[in-house]
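User: Please take a close look at one part of this model: aromatic packing. Then connect that part to its surroundings. Keep it brisk.

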Amino acid sequence: MKPVTFLGDSLEEIRTFPQGARREAGFQIEKVQRGMEPDNWKPVKTVGAGAREIRIRDEAGAFRVIYVASLSDAVYVLHAFQKKTEKTAKGDIELARKRFSDLTRKRR
């Protein structure tokens with residue numbers, strides 16, 4: 001099972017999710033650690049190659065966890081947030097993109 005590395009404040013953000021969404025995020029991240037696909041996800045090419053978004057729907061709203069699992073050493077959680085509008089906020093994409101860029105630059 002791959003370890004998980006939470007970048008920036010992504011772990012703290014997940015901890016702010018309501019209990020049901022937080023539990024679901026943990027369950028889906030564990031599936032990714034085990035080499036499986038989350039139940040509801042989509043690629044986020046605007047963040048970077050291999051970046052994906054776990055999509056969680058809860059009675060409290062929509063929540064997202066952006067991660068990269070294509071690197072051999074770990075699952076990297078780039079960003080987590082509650083989605084407030086139909087379209088993902090530009091700031092959320094930019095933050096995930098910056099963390100992805102920083103991660104890949106360090107690995108060269």
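**Aromatic packing and its setting**

Analyst: Phe17 is buried, at 3% relative accessible area (buried is under 20%, exposed over 50%, partly exposed in between, with a 1.4 Å probe and protein chains only). The model is predicted: local features need pLDDT of at least 70, side-chain atom pairs count only at pLDDT 80 or more, and totals for chains, interfaces and linings use all residues. Numbering starts from 1 along each chain as its sequence is written, and side-chain values use heavy atoms, leaving out hydrogens and water.

Phe63 is buried too, at 2% relative accessibility. A pair of aromatic rings is described by the distance of the centres and the angle of the planes. The structure holds one such pair. Phe17 and Phe63 form it, 4.7 Å centre to centre, with 45° between the planes. That makes it tilted (Phe, Tyr and Trp rings, the six-membered one for Trp, pair with centres within 6.5 Å; under 30 degrees is stacked, over 60 edge-to-face, the rest tilted). The partners are 46 residues apart and link distant parts of the chain. Phe17 lies in the loop between α1 (10-16) and α2 (19-33), Phe63 in strand β4 (DSSP runs numbered from the N terminus: helices H or I of at least four residues, strands E of at least two).

Now the sheet. Five strands form an open, mixed sheet, ordered β1-β5-β4-β3-β2 (strands pair if DSSP finds at least two bridges between them). β1 (4-6) and β2 (41-43) have a single partner strand each, so one side of each lacks a neighbour in the sheet. β3 (residues 51-58) and β4 run antiparallel, joined by eight bridges. Ile54 stands opposite Val65 in β4.

α3 touches β4 and β5, at about 170° to the direction of β5.

Next, the cores (buried Ala, Val, Leu, Ile, Met, Phe, Trp, Tyr and Cys joined through side-chain atoms within 4.5 Å). The largest has 15 residues; Val47, Ile66, Val68, Tyr76 and Leu78 touch the most other members. β4 (61-68), β5 (75-83) and α3 (90-106) each supply at least two residues. α3 gives the most, with four. Apart from it lies another core of 14 residues, including Phe17, Ile29, Tyr67 and Val75.

Terms used: Contact = heavy atoms within 4.5 Å. Axes fitted to C-alpha atoms, helices over the stretch in contact; angles between N-to-C directions.
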